[in-house]
Amino acid sequence: DSAMTYPWRAASRGSLFLVALAVGGLLSAGCGNQDESIGSDRKAQVEGQTTLREADSGTAAPSSDSSPSGASSGSSAEAADPTLNAILRRAMEQERYSESTYRNILSKVGSVNPFANIVDSEVQHGETLNQLATKYGQDLGSTFVPGEPSPDTLELACQLAATIEAETVSLYDGLLLRVTTYPEISLAFQNLRSASADEHLPAFQKCSAGDGLPAPKSPQGSG
């Protein structure tokens with residue numbers, strides 16, 4: 001039932017499984033193919049879930065502009081590395097997924113913490129990943145993900161958010177094993193993982209347990 005309620009989250013869990021298999025070298029080419037009949041919006045939403053699999057099997061196409069003139073650094077080998085592009089894209093999609101879901105929740109329940117603060121953090125995470133992509137000559141293309149619809153209550157929304165943050169931690173656990181040759185990216189991923197594990201997840205767990213549901217966020221700059 002949860003997979004039907006939150007289809008993108010179910011797809012995300014599937015992608016985490018693919019990452020774990022890829023790290024162990026157990027992915028087989030051709031597994032997890034997407035249904036070609038799905039609509040264009042849904043197809044754009046799940047394309048990133050297969051990117052890592054395609055990169056591992058050697059079928060991923062290089063980005064349309066693999067060596068953008070604006071890239072400040074990054075060797076030609078890095079720019080041509082489809083796996084690095086897939087890793088950065090997958091991380092970005094997860095951050096965008098979190099951000100979009102939290103914005104959907106804020107639209108329904110009002111400007112409340114921890115969502116109001118954490119959604120700003122997700123924006124910062126996306127900026128970090130964009131900077132890494134630019135530095136290493138990677139074109140991530142469109143990474144918009146619509147996110148999950150908001151549950152009806154704040155407590156249920158916090159339960160959903162806690163699940164998303166736990167999945168984010170698991171994702172970075174897998175991706176970190178694949179960027180050991182890129183110390184700067186590895187450090188950034190460690191920081192992003194820490195933000196989810198040490199800040200976002202505990203805040204949502206506290207909220208989901210009904211432990212002092214947060215009050216509306218005070219407007220800034222009101223006189």
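What follows is a walk through this predicted model, from its overall make-up to a few individual side chains.

Residues are numbered from 1 along each chain as its sequence is written, and side-chain values use heavy atoms, with hydrogens and water left out. Because the model is predicted, local features need pLDDT of at least 70 and side-chain atom pairs count only at pLDDT 80 or more, while totals for chains, interfaces and linings use all residues.

Let us begin with the fold. The chain has nine helices and zero strands, and reading along the sequence gives the pattern α-α-α-α-α-α-α-α-α. Helices here are DSSP runs of H or I with at least four residues, strands are runs of E with at least two, and both are numbered from the N terminus. Of the 223 residues in the chain, 44% are buried; buried means under 20% relative accessible area, exposed means over 50%, and partly exposed lies in between, with a 1.4 Å probe and protein chains only. The accessible surface of the chain is about 10,800 Å², and carbon and sulfur atoms hold 50% of that surface. These areas come from the Shrake-Rupley method with a 1.4 Å probe, and for residues only the protein chains shown count as cover. Among contacts in the chain with a separation of 6 or more, 81% join residues 24 or more positions apart, a contact being heavy atoms within 4.5 Å.

The pLDDT, the predictor's confidence in each residue on a scale from 0 to 100, averages 74 over the chain, and 58% of the residues score at least 70. Over residues 16–50 the pLDDT is below 50, and this stretch has 45 contacts in the model beyond near neighbours in sequence. Residues 58–73 also have a pLDDT below 50, with 21 contacts in the model beyond near neighbours in sequence.

Now take a look at helix H6, which spans residues 82–109. H6 has 28 residues and reaches 40 Å from its first C-alpha to its last, close to the 40 Å expected at 1.5 Å a residue; the expected span is 1.5 Å times one less than the number of residues. H6 is mostly covered, with 21 of its 28 residues buried. After H6 comes Gly110, whose phi is positive, near 95 degrees.

A salt bridge means a side-chain nitrogen of Lys or Arg within 4 Å of a carboxyl oxygen of Asp or Glu. An α-helix has 3.6 residues a turn, so residues three or four places apart point the same way. Glu99 is buried, at a relative accessible area of 12%.

H6 also reaches out to other parts of the chain. How does Tyr102 of H6 sit against Phe204 of H9? The ring centres of Tyr102 and Phe204 are 5.2 Å apart and the planes are at 50 degrees, so the pair is tilted. Rings of Phe, Tyr and Trp (its six-membered ring) pair if their centres lie within 6.5 Å; planes under 30 degrees apart count as stacked, over 60 as edge-to-face and the rest as tilted. Because Tyr102 lies in H6 and Phe204 in H9, the pair ties together parts that are 102 residues apart in sequence. Both Tyr102 and Phe204 are buried, and ring pairs link Tyr102, Phe115 and Phe204 into a cluster. The count of aromatic pairs comes to five.

The structure holds five salt bridges. One of them joins Asp152 and Lys108, at 3.7 Å from N to O. Asp152 lies in the loop between helix H7 (115–135) and helix H8 (154–176) and Lys108 in H6, so this bridge ties together parts that are 44 residues apart in sequence. Asp152 is exposed at 65% relative accessible area, whereas Lys108 is partly exposed at 46%. Another salt bridge pairs Lys135 with Glu184, with the closest N and O atoms 2.9 Å apart. Lys135 belongs to H7 and Glu184 to H9, so the pair ties together parts that are 49 residues apart in sequence.

We finish in H9 (residues 183–208), the place of Ser196. Ser196 is buried, with a relative accessible area of 0%. Leaving aside neighbours within four places in sequence, Ser196 is in contact with Glu165, Thr168, Val169, Leu201 and Pro202.
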